[in-house]
Amino acid sequence: MNASLTPSRITINQPAPVANEIRDDIVLDCKVKEIHYGDFLAVRDSNVPIARKQITGFIGPSGCGKSTVLRSLNRMNDLIDTFRFDGQVTYHGKDIYASDVDPVVVRRYIGMVFQQPNPFSMSIFDNVAFGLKLNRFKGDTHEKVEKALRGAALWDEVKGKLKNSGLSLSGGQQQRLCIARAIATEPEVLLMDEPCSALDPIATRQVEELMLELKENFAVALVTHNMQQATRVADKTAFFGVDMSAGGRTGYLVEMGETSQIFNHPREQLTREYVAGEFS
Ligand SMILES: Nc1ncnc2c1ncn2[C@@H]1O[C@H](COP(=O)(O)OP(=O)(O)OP(=O)(O)O)[C@@H](O)[C@H]1O
C-alpha cells in the first residue's frame, strides 16, 4: 500500500510473500513487540495472525489489552497522541505502519465495528454510503448500499425507510447498520470490538448469526468478554493475560489456538484457570 495510490489501484488479492512461517490463509499478521500509551507499557509480545474465512476471538481479563491490539490492526489508535506501536502488522505482506501508508486507506480494507452502536446523525442510506463517499466511490452507490444492508441482514427491515434517521432504529438494528456501514466499502477484514455488549439477548443472537455469515466473505477479529460467545462463533481464540511482575499491568498473549483446544485442552495453566472461571 502506498499513500499516493487511490484505493481502486491497490491490489488487495496479492498473495503474501512466500516465507516458511507465513501461511497463505493469513490476511493480517500482527506481531506486537510493545505497545505504549505514554510511559505505560500496555501490551508486550503478542503475535496474532488473522485468517480469512475465520473468526478469531480475543478473550482475557479486563485491561489485558484486547481492544488495544484490535485497534492496532487498522491504525485506529493513531488517533491517540500517546500511543506508540513497536512491532509489525502486515496486510498481505505489506506493513500497515510503514511511513508511506495512509491510515484512511488501511481502514478501507480493514473495517471496524464498535462496542456501542454509533450510527451517524443522518439517514440510514447516508450512513451506509458514508465510507463510499469518503473513498470517492464513482460507481452505483444505491447498489452498494443495498448489497451492504443485505449483507448485514437489515435490508428487509429498512428498505422502505432508507431516508429515516439511522438513530430511529432499535439498538440491534443500529449495530447491524454499523456493520452495513463497515462492509459497504467491501473490506477484507472486519474488526469487531465487543459488538454485542450493548445488545439484548435476541439482538445478540442475530448479530452472532450474522458474524457466522460474514466470515464466509471476511476475516473477522472479535473482542469479546463473553466466553460463551467465543465458543459459539470463534474458530480460533487468542487468550491474553496480565503481567504484573514489573509493577504495572501489561497485557500479553498467553496462548492462541483452535477455540475447542483453548477451552477444552488449554496448554497453559493460566488459560485453564481463566476458562474455568477462576478469575475474570
Ligand atoms: N487511550 C488510552 N490512554 C492510556 N491508557 C489506555 C488507553 N486505552 C487503554 N489504556 C490502558 O491500556 C490497557 C489495556 O486497555 P484495553 O482497553 O486495550 O484492555 P481490554 O483488555 O480491551 O479491557 P476491557 O476488557 O476492560 O475492555 C489498560 O490498562 C488501559 O487502562
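**A tour of the predicted model**

Biologist: How many residues does the largest nonpolar core have?
Modeller: A nonpolar core is a set of buried Ala, Val, Leu, Ile, Met, Phe, Trp, Tyr and Cys residues joined through C-beta atoms within 7 Å. A residue is buried if 20 or more other C-beta atoms, placed from the backbone, lie within 10 Å of its own, exposed if 12 or fewer do, and partly exposed in between. Leu-28, Ala-180, Val-189, Leu-190 and Val-220 have the most contacts inside the largest core. That core has 73 residues.

Biologist: What average pLDDT does the protein have?
Modeller: This is a predicted model, in which local features need pLDDT of at least 70 and side-chain atom pairs count only at 80 or more, while totals for chains, interfaces and linings use all residues. Residues are numbered from 1 along each chain as its sequence is written. The predictor's confidence in each residue, from 0 to 100, is the pLDDT, and 92% of the residues score at least 70. The protein's average is 90.

Biologist: Within what arc do the buried residues of helix α4 fall?
Modeller: Helices (DSSP runs of H or I, at least four residues) and strands (runs of E, at least two) are numbered from the N terminus. In α4, residues 141–151, the buried ones are Val-145, Ala-148, Leu-149 and Gly-151. They line one face of the helix because, seen down its axis, they fall within a limited arc, taken from the directions from the helix axis to the C-beta atoms. That arc is 160°.

Biologist: Which exposed residues sit on the face of α4 turned away from its buried side?
Modeller: On the buried side, residues of α4 pack against α3 (124–134), α5 (155–158) and α6 (171–183). The face turned away carries the exposed residues His-142 and Glu-143.

Biologist: Nice! Is Ala-153 buried, exposed or partly exposed?
Modeller: Ala-153 follows α4 and has a positive phi, near 55°. This residue is found in the loop between α4 and α5, and touches Arg-176, Gln-206 and Leu-210, not counting residues up to four places away in sequence. Because 18 other C-beta atoms lie within 10 Å, Ala-153 is partly exposed.

Biologist: Which element supplies the largest share of the shell around the ligand?
Modeller: The shell has 16 residues, the closest being Tyr-37, Ser-62, Lys-66, Ser-67 and Thr-68; a residue counts as near if its C-beta atom, placed from the backbone, lies within 6 Å of the molecule. Both β2 (40–51) and α1 (66–72) supply at least two shell residues. The largest share, 3 residues, comes from α1.

Biologist: Which residues does Tyr-274 contact, leaving aside neighbours within four places in sequence?
Modeller: You will find Tyr-274 in helix α10, residues 269–275. Tyr-274 is buried because 23 other C-beta atoms lie within 10 Å. With those neighbours set aside, its contacts are Phe-239 and Phe-279.

Note on methods. Contact = placed C-beta atoms within 7 Å.
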